[in-house]
Structures are given as C-alpha cells and as structure tokens.
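Welcome! Take a look at the sequence and the 3D view, then read on.

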Amino acid sequence: AYDWSLATDELTWLDGNVDSFMIPGGPNISTGEAFNERVHPEDLAHRLETITGLYAGCEQYECEFRLRDVNGDHRWYHDRGVAELDGLGKLLRLCGAMRPITRRMEENARIEFCSNYDELTGHFNRTRLRESLDQALYYSSRYRVTGAFLVIGIDNINMVNQAFGYAVADAVIMAVGHRLDRCLRACDVIGRLGGDKFGVVLGNCPVSDL
C-alpha cells in the first residue's frame, strides 16, 4: 500500500512493504518519478494515462504494469486505488495498493498461445491453419489466382517413439518444422495438423512453382 502526494511527488510506502517487490533501491523510492523509472517502458504510458484520466473527475483508478526487479526481470503488478481531489477538481493525492499478478499474466499468455499455436512446434494449430486455408481459398476465388495446400507427414515416427522415446520423436517433429520454415516463402503459412503431420498453405502460388 502507498500514499502518493501529487503536489510534492512524495511517495510513502505503508509498513515498508515495497521490499517484497524486489525493486532496485526499493526502500529509497520516495518519489513518483523514481518509481516510474522502474516501470517497463511499454507500460509507462498506459499508467500515466490512467493517472491523467483522474483529472476528468474520476475518483478511482486501476491499471496493470510491469516493474523491473533486482535481477533485471520484469514482474506484473495490479495497481488499484482512490484519488483525492480538491473542490476545483485538482488532483491532490493517490492512495492505492499493489499486488503481484505475474503468475496470472503468464498463465493467460500461455492459454492465449495454446489457443492459436501448437505448443510443441510453435506453428499454427489446426484451428488457425483452417482459418488461413479459408482465407487463401477466398483470395484465390476472388482474384483468380492459384495456390495449394500441402499435407506433409513424417514416416515411421512411431518407430522413433518406440526405439528412442517420445523426447527424441518430439525433437524430430520440431526439426522438420524448422526445415519447413527455411524451405518455404515468408508468406506461406505452416501449421501442425497433429501427430506427425504438418499442413502448409501456399497462397498466390503459380502452378509452375508447385
């Protein structure tokens, strides 16, 4: 929890709990400017915009951002509090509380990734590959261009599983995916259909190039 005077930029941490954030020089962060220096550059504008919005008369604020810790890593925090304004609507003070949400943000990112990409290879999953194929078919029909859809399978992957184990078989699948990345055009779309099969959408591809 903290108390931040906007008039003097003085930042007071209640009970000294800023130590738990592992922020470089944490106990000495006594101004809002010093605190902002620890905020991730990509998140600072959003945080400042949230605070600026309080001048419109809103008395509560809430935002999420990353802070740099003593190891140089960035951790996510949820910041929520209330604002004190004078009779003219001038912002005087912010009283809020922060809590760590890194684990939640990482889990959300993992869920979002898995909803679009194959977890093993990092290529599109079946759903996203199907969407790319539908788009290619629409484009081909509208602009009367040719294209292709390839299904590429790895022979005898079960024998690799049985002889060397699943870890080796997974390494083979990943290696094939990397090779496809190098062989195909940047505009081509690669996805994993499942198991030992990949799908490749070749959009706007002349018959002579197939």
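A salt bridge here is a side-chain nitrogen of Lys or Arg within 4 Å of a carboxyl oxygen of Asp or Glu. Please keep in mind that this is a predicted model. By that rule, the count comes to 15 salt bridges.

**Salt bridges**

- Asp3 and Arg93 form one of them, with their closest N and O atoms 2.6 Å apart.
- Asp3 sits in strand β1 (residues 2-5) and Arg93 in strand β5, so this pair ties together parts that are 90 residues apart in sequence.
- Asp3 is partly exposed, at 22% relative accessible area, and Arg93 also counts as partly exposed, at 29%.
- Another salt bridge links Asp188 with Arg185, where the closest N and O atoms are 2.7 Å apart.
- In that pair, Asp188 is buried, with a relative accessible area of 10%, whereas Arg185 is partly exposed at 34%.
- Asp196 pairs with Lys197, the closest N and O atoms being 3.6 Å apart, and Lys197 is partly exposed with a relative accessible area of 39%.
- Through shared partners, salt bridges also join Asp3, Glu84 and Arg93 into one network.

**The sheet**

- An open sheet is formed by 5 strands in the order β2-β1-β5-β4-β3, with antiparallel pairing.
- The edges belong to β2 (11-13) and β3, each of which has a single partner strand, so one side of each is left without a neighbour in the sheet.
- From one strand to the next, the twist averages 25°.
- The antiparallel strands β3 and β4 are joined by 9 bridges.
- Cys63 has Asp79 in β4 as its bridge partner.

**Helices across the sheet**

- Helix α2 (residues 41-52) lies across β1, β3, β4 and β5, and runs at about 160° to β3.
- Helix α3 lies across β3, β4 and β5, running at about 120° to β4.

**A closer look at α3**

- This helix covers residues 102-116, which makes 15 residues, and reaches 21 Å from its first C-alpha to its last, close to the 21 Å expected at 1.5 Å a residue.
- Which residues of α3 are buried? They are Thr102, Met105 and Asn116.
- Seen down the axis of α3, the buried residues fall within an arc of 70°, so they line one face of the helix.
- The cover over the buried residues of α3 includes β3 (60-68), β4 (74-85), β5 (91-100) and α4 (126-143).

Definitions and conventions
Residues are numbered from 1 along each chain as its sequence is written. This is a predicted model: local features need pLDDT of at least 70, side-chain atom pairs count only at pLDDT 80 or more; totals for chains, interfaces and linings use all residues. Side-chain values use heavy atoms; hydrogens and water are left out. Helices (H or I, at least four residues) and strands (E, at least two) are DSSP runs, numbered from the N terminus. The expected span of a helix is 1.5 Å times one less than its number of residues. Buried means under 20% relative accessible area, exposed over 50%, partly exposed in between (1.4 Å probe, protein chains only). The arc is that of the directions from the helix axis to the C-beta atoms. Contact means heavy atoms within 4.5 Å. Two strands pair if DSSP finds at least two bridges between them. Axes are lines fitted to C-alpha atoms, for helices over the stretch in contact, and angles run from 0 to 180 degrees between N-to-C directions.
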